[in-house]
Amino acid sequence: MVVGFLFNFVINESPLSTKNKRTRKASNRLLPLIMTLRGGLPLLHQQFTALFKKNLLLSWRNKSATCLQLFSSFFFILVIFCIQEAMKANDLTSTRHKNVTDPKALVSPPIPPCEDKLFVRLPCYDFLWSGNQSRRVTDIVSAIMTNNPGRPIPSNKVQSFKGPEEVDSWLLSHPLQVPGALHFAEMNASVISYGVQTNSSSVKRRGRVEDPTFKFLVPLQIAAEREIARSLIGDPKFSWGFGFKQFASPAISGTVTTSAISIMGPVFFLAFSMLGFVTQLGSLVTEKELKLRQAMTMMGVFDTAYWFSWLTWEGILTFVSSLSLVLFGMMFHFSFFLKNSFFVVFLLFWLFQLNMISLAFVLSAFISKSSSATTIGFLVFLVSFITQIVSDSFPYSSGHSVTSRVVWSFFPPNTFSKGVQILIEANSTPGVSGISWSERSVCRSAACFLTMNKIFIWLSGTFLFWFLLAVYLDNIIPNASGVRKFVFYFLKPSYWTGKEGNKVQEGSICSCIGSVPPVEHVTPEDQDVLEEETLVKQQAINGTDDANIAVQIHGLAKTYPGTTKLGCCKCKKTAPFQAIKGLWMNIAKDQLFCLLGPNGAGKTTTISCLTGINPVTAGDALIYGNSIRSSVGMSNIRKMIGVCPQFDILWDALSSEEHLHLFASIKGLPPSSIKSIAEKLLADVKLTGAAKIRAGSYSGGMKRRLSVAIALIGDPKLVFLDEPTTGMDPITRRHVWDIIQESKRGRAIILTTHSMEEADILGDRIGIMAKGRLRCIGTSIRLKSRFGTGFITTVSFIENKNDDAKTSTEPLKSFFKERLKAEPIEDKKAFMTFVIPHDKEKLLTRFFEELQEREHEFGISDIQIGLATLEEVFLNIARKAELESATAEGTMVTLELESGILVEIPVGARFVGIPGTENAENPRGVMVEVYWQQDGSGSMCISGHSPDMPIPENVAVLHEPSSQVLGLGQRRVRGTVLDYEPNN
Ligand SMILES: Nc1ncnc2c1ncn2[C@@H]1O[C@H](COP(=O)(O)OP(=O)(O)OP(=O)(O)O)[C@@H](O)[C@H]1O
């Protein structure tokens, strides 16, 4: 018989409760390690080294991207080389680039048909002529057409005009329709003068060169002179021999190499240098997006260590890639790389790439999605490409102001493209050497605004400028990685000294952006919550410093500002959302405080505010005396907290061992101890076997265990565990509970969970939040006794007493009804369950003594008694909170009764009166008890309802519906919410 023992358990919190059993089991493990954490410069150096190693590992594990960044230069140089070879091959087929050793003479060449011209528009004319008012000139032109050697020219292929002016205006309005024109003037009987017009531009197409002198001018001139002479002499057969021969000449060569680089070089070099920029921007934004940066910040990483570790690693990568570009360029024998000094060319590329890395740092402060990073990277390339086109003339030429030159030069691609141009020009003339190191300051042209030396100075300056700007913006712009600093934070002595951590600082940039409505204060309904609030307020007014308090929360409130989304036709605005509406509570040292609440209650937001991830809207919290609203306070807090966030924040490419080493270094653990501590933590969370496996291939449970281990690293004085056991199998979960239980000693733990069992076992004190407010606070027993329905008593029967079970259990039922007014809530053959209301607590000792005495009479084999479950308490609180907001917002759900009536009730209503059921027997009508549960998404939904029961006399109506009968067909009514407590 166990009655007496179990009864003690309920009333006195037996030492053998589940919680205490677990404590004993785990007591010999995970003792907090007393160790001194490093600080100051040694910590900065340690963090830098660890982060540098992380960057190196990530690059090593992402070999394809790293190789692309390092050796893409080969591809670019190869492409330029191929283009150069293609140009060479093209030039070889061109007549201009052939050796002319024995040029052929042109003897009396005919006027060619206009269609022979390389570029021609149809209809075309073989030639035009002017002077058509003279009969003699007309005859001369007719003779030219008739006597053209080998091809008489038809009259529709020739156009005549009065004078040269008319020809010019025709040429202007008919471009490319005629290769030449003849102008005649009959001066007197023995003098006829003439002139020839041809387009003098030499044209080249597909390797063929069209020289207008040979092709059009000479034939026209010969024909005109021949026919003028015949006309003057009067002999139509008069003739003379005429030959025309070009010089023997070698093929034109030597300009091809330069032209391939000069045509494609600037854009290819820009594209090559942009690769590192885009990769870096992507890496930074990804770390931000996956909240890895946030995790490091929570662990107390120095901004300086973070930025310098990236800068150093990227500096090395850009150094190697610039070097490889110059070496590949030399290997392919480009005079750009061979004639110009190696150092000048290398320095230009390296400095430019470093500039682009700084620019990536700056841009990363404004971008939160890695997909946007690629788009922004492409846009920057596009802008650079456009500015590169104009950089030659604007603004580095006379006629532009110094200011425009200075502003223009702040964008690194502009100075870079100018540098590339200078280097291209320096070796574009055959026989002229490029720019040597000593000549980097020499100005080669008359209007010279930038020399290579000045470009180097500019690039060094802009690199520093962008880098410092990036660090500054990272500190003041609100983003996912923590409380933002005051705009002039660096001018405050406390920033450098680390003191005044308990002072609230206002004036971060987020305080100027947008306004959020003030949080109105609501006095808590619950007595315990009110008492807690009064105590905290009193302590705050008195300035009492309780050494046992780890966290003191003073009216913490968080309102997420509304967002504006731009659609295609209109913009959609969402209202600000109050996630926490004034939280007051103390969290003691050496205790585990369990924060419960339905989805969206504000638990994670509370943790985010306490860990400095989300800036608070109002109120404050002191963690070991440091204000979360002070950047100095926050950096002190980060040294003493460990956080296991709701979602695992891990690098897929790093193993659990590497994660622990990294975070241990960030925390400042002595390097000599890191290995052993990591091994111990891995063993504690049962990850030793997977220590060297990358976290990307872990199961959900393994990732959670690693996150718990990370939270416990460095012996933090306050640990935040946000749903740490989600996704774990029961065995591992119990194991993690042991770890958490054991880690309580010497520190405070704030745990949020959806597992009531977990809260019951681990929580020393439990707070339940709903709709942003604390609804109840206290120990598990206190909550169960205050918010549960009562004591649950299960009576089991002796096995052979089953023939007529129904009859034989009647005396027991009557016994319960008579003494305690309790009806069974479960009536089975083997057992029966009763709920005994709290107000009967005083009668219980005598009642159970009597029950024990009559156990043979009732056929009882065992009696168990316990409090209502925490789950019941939780559901009660959540339901009440839902009812509160549903009443305010008018959110209704439909309850379908067995009679077919549809009753509309606010979410969370428990006792609901059915309108229209009033009669003589039940003058107030009937009511039902609605049973609620949480669905998969955490929302309250109806799970069933009780049979109809009369509404007792003294029950008040909480929520009177505006209109009662809604439907005409199937009866649909709006229910009345009743203020009824069944135990009263
Ligand atoms: N960045 C945000 N912007 C706007 N609203 C937010 C933001 N983050 C959270 N919220 C809202 O604030 C409320 C509280 O969210 P929070 O994540 O703190 O709840 P929770 O109690 O942790 O819930 P869960 O148990 O599901 O984790 C929710 O309604 C949520 O939609």
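The following legends describe close-up views of a predicted model.

**View 1**

**View 2. Spans annotated as transmembrane region.** An unreviewed UniProt entry assigns the annotation "transmembrane region" to residues 267-285, 305-330, 342-367 and 455-473. Within the model, the span 305-330 is 100% helix and 0% strand, and its end C-alpha atoms are 37 Å apart. For residues 455-473, the distance between the end C-alpha atoms is 26 Å, and this span is likewise 100% helix and 0% strand.

**View 3. Packing of helix α10 against helix α12.** Helix α10 (residues 303-331) packs with helix α12 (residues 342-364) at an angle of about 145°, and the two axes are 9 Å apart. The crossing of α10 and α12 is right-handed. On the side of α10, the contact is formed by Trp-307, Leu-311, Glu-314, Gly-315, Thr-318, Phe-319, Ser-321, Ser-322, Leu-323, Leu-325 and Val-326. On the side of α12, the partners are Phe-342, Val-345, Phe-346, Phe-349, Trp-350, Gln-353, Leu-354, Ile-357 and Phe-361. The contact of α10 with α12 comprises 14 nonpolar, five polar and one charged residues.

**View 4. Packing of helix α3 against helix α10.** Helix α3 (residues 40-61) also packs with α10, here at an angle of about 45° and with the axes 8 Å apart. The angle therefore makes α3 oblique to α10. The two helices, α3 and α10, form a right-handed crossing. From α3, the residues Leu-44, Gln-47, Phe-48, Leu-51, Phe-52, Asn-55 and Leu-56 take part in the contact. They meet Thr-304, Ala-305, Tyr-306, Phe-308, Ser-309, Trp-310, Thr-312 and Trp-313 of α10. In this contact of α3 with α10 there are 10 nonpolar, five polar and no charged residues.

**View 5. Crossing of helices α26 and α30.** The axes of helix α26 (residues 780-787) and helix α30 (residues 870-889) cross at roughly 60° and come within 9 Å. Helix α26 is therefore oblique to α30. The crossing of α26 with α30 is left-handed. Ser-780, Leu-783, Lys-784 and Phe-787 of α26 make the contact with Leu-870, Val-873, Asn-876 and Ile-877 of α30. By class, five nonpolar, two polar and one charged residues form the contact of α26 with α30.

**View 6. The cis peptide bond at Pro-123.** Leu-122 and Pro-123 are joined by a cis peptide bond, for which omega is about -5°. Pro-123 is located in the loop between β1 (106-107) and β2 (127-130).

**View 7. The positive phi of Tyr-624.** Tyr-624 is a residue other than glycine with a positive phi, near 45°. The loop between β14 (618-623) and β15 (626-627) holds Tyr-624. As background to this view and the preceding one, most residues other than glycine have a negative phi, and most peptide bonds are trans.

Definitions and conventions: Residues are numbered from 1 along each chain as its sequence is written. This is a predicted model: local features need pLDDT of at least 70, side-chain atom pairs count only at pLDDT 80 or more; totals for chains, interfaces and linings use all residues. UniProt positions are given in the numbering used here, feature names are shortened, and annotations may be inferred rather than shown by experiment. Helices (H or I, at least four residues) and strands (E, at least two) are DSSP runs, numbered from the N terminus. Axes are lines fitted to C-alpha atoms, for helices over the stretch in contact, and angles run from 0 to 180 degrees between N-to-C directions. Angles under 35 degrees count as roughly parallel, over 145 as roughly antiparallel, 65 to 115 as roughly perpendicular and the rest as oblique. A crossing is left-handed if the near helix is turned anticlockwise from the far one by less than a right angle, and right-handed if clockwise. Two residues are in contact if their C-beta atoms, placed from the backbone, lie within 7 Å. Ala, Val, Leu, Ile, Met, Phe, Trp, Tyr, Cys and Pro count as nonpolar, Asp, Glu, Lys and Arg as charged, and the others, Gly among them, as polar.
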